[in-house]
Amino acid sequence: DEKYPGQYYTPLFITVTNIVVPKICEFINVLESHSTEGGRQASLYIKIAAFRWFNSAIVTTIVTGFMNTISNDAYQKETSLMYQIYPIIFAEIASIPLIKLL
């Protein structure tokens with residue numbers, strides 16, 4: 001829809017960054033000093049989990065806008081939060097096997 005172009009670009013952005021950012025986090029983790037392997041893994045987990053939470057939850061909320069998330073109007077149905085989440089879920093389903101291959 002031309003009126004809401006973000007509904008097409010947001011899932012692509014989230015999928016690409018969910019693939020690229022964990023690699024960047026691994027690189028940053030190598031530069032840090034950790035006394036144990038568990039500490040290194042915990043640090044990596046926190047970085048990736050915080051980023052993915054922000055990426056999937058906050059970015060979607062910013063792009064969708066509050067009034068559209070609660071809309072029950074048939075006119076705004078395609079811009080509601082539920083319709084914004086569907087492409088993200090399908091993009092995540094496709095990206096998880098890609099991440100495993102990398």
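Colleague: What does the accessible surface of the chain come to, and what share of it belongs to carbon and sulfur atoms?

Modeller: This is a predicted model, in which local features need pLDDT of at least 70, side-chain atom pairs count only at pLDDT 80 or more, and totals for chains, interfaces and linings use all residues. Residues are numbered from 1 along each chain as its sequence is written, and side-chain values use heavy atoms, with hydrogens and water left out. By the Shrake-Rupley method with a 1.4 Å probe, the accessible surface is about 7200 Å², and the share of carbon and sulfur atoms is 71%.

Colleague: Which helix has the lowest mean pLDDT among the elements of the chain?

Modeller: The chain has four helices and zero strands, taken as DSSP runs (helices H or I, at least four residues; strands E, at least two) numbered from the N terminus. On pLDDT, the predictor's confidence in each residue from 0 to 100, helix α2 (residues 37-64) has the highest mean, 84. Where pLDDT is low, the predicted coordinates should not be read in detail. The lowest mean, 58, belongs to residues 66-69, helix α3.

Colleague: Is S43 buried or exposed?

Modeller: S43 lies in helix α2. Buried means under 20% relative accessible area, exposed over 50%, and partly exposed in between (1.4 Å probe, protein chains only). Because its relative accessibility is 15%, S43 counts as buried.
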